[in-house]
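Thanks for making the time, everyone.

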Amino acid sequence: MSRTLIVYDHPYEKSFNHAVLQTVTAALAAKNRAHDVIDLHADGFDPVYSKEELALFGKGQTLDPLVEKYQALIRAADEIIFICPIWWSSLPAMSKGFLDKVMKQQFAYLPTKHSTKGLLTHIKTATLITTSTAPNFAFALVLGNPIKRVFVKVVMKQFGFQKRQWLNFGGITASTAAQREAFLHKVRQRFA
């Protein structure tokens, strides 16, 4: 059965990112698409490696029960959606820690002589939905588009995700209600 997994990273339930989450889950529910939500903040996920946890990295093992739970949810999904803000031209610490601790060797990838071999090839579609203070054109032209260049084109590929895309609502702090609603409409259409 097809199943979508949403990985959500924002601490404030009245944020625009939360509105994006609600829009995505409503669109999936409207088409009867089975889905799960990982809310990193609500779960109290610890994104920081302990010395003991890091010692298990090469074996792909963990001491964190949330990591085991998240890996089981990833195994059950064929689509994954990440929703988070962009802070300092990068993913927030919680999202980065999710990648560090959950996407382990032996689970998400195998190291090879020249790169990695992605093991999560059952994920047919991976979408990153973000918000940023910088407008999209500035993010791309002035900042060098680090999210697309690193996370979408490299990291997602290293995990074996097949189709990868990124939707960003740039200029969030200067946006109007109409612009925010237009973006939510775009998100709704994407998952309807």
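Leaving aside its neighbours within four places in sequence, which residues is Thr 130 in contact with, if contact means heavy atoms within 4.5 Å? Before I answer, please note that this is a predicted model, in which local features need pLDDT of at least 70 and side-chain atom pairs count only at pLDDT 80 or more, while totals for chains, interfaces and linings use all residues. Residues are numbered from 1 along each chain as its sequence is written, and side-chain values use heavy atoms, with hydrogens and water left out.

With those sequence neighbours set aside, the contacts of Thr 130 are Cys 84, Ile 86, Trp 166, Leu 167, Asn 168, Phe 169 and Phe 183. Thr 130 itself lies in strand β6, residues 125–132, where helices (H or I, at least four residues) and strands (E, at least two) are DSSP runs numbered from the N terminus. Thr 130 counts as buried because its relative accessibility is 1%, buried being under 20% relative accessible area, exposed over 50%, and partly exposed in between, with a 1.4 Å probe and protein chains only.

Phe 183 leads us to helix α8, residues 177–191, in which Phe 183, Leu 184, Val 187 and Phe 191 are buried. Seen down the axis of α8, these buried residues fall within an arc of 100°, so they line one face of the helix; the arc is that of the directions from the helix axis to the C-beta atoms. What covers them includes α1 (16–30), β3 (79–85), β6 and β7 (163–170), whereas the face turned away carries the exposed residues Ala 178 and Gln 189.

Let me turn to helix α4, where Leu 66, Val 67, Tyr 70, Gln 71, Leu 73 and Ile 74 are buried. Down the axis of α4 the buried residues fall within an arc of 160°, so they too line one face of the helix, and Pro 65 and Arg 75 are exposed on the other side.

The buried residues of α4 pack against β1 (3–8), β2 (34–39), α2 (40–43) and α5. The axes of α4 (residues 65–76) and α5 (residues 93–102) come within 10 Å and cross at roughly 85°, the axes being lines fitted to C-alpha atoms, for helices over the stretch in contact, with angles running from 0 to 180 degrees between N-to-C directions. That makes α4 roughly perpendicular to α5, a label that covers 65 to 115 degrees. At this contact, Val 67, Tyr 70, Gln 71 and Ile 74 in α4 meet Phe 98, Lys 101 and Val 102 in α5.

Notes. Parallel < 35°, antiparallel > 145°, perpendicular 65-115°, else oblique. Contact = heavy atoms within 4.5 Å. Expected span 1.5 Å × (residues − 1).
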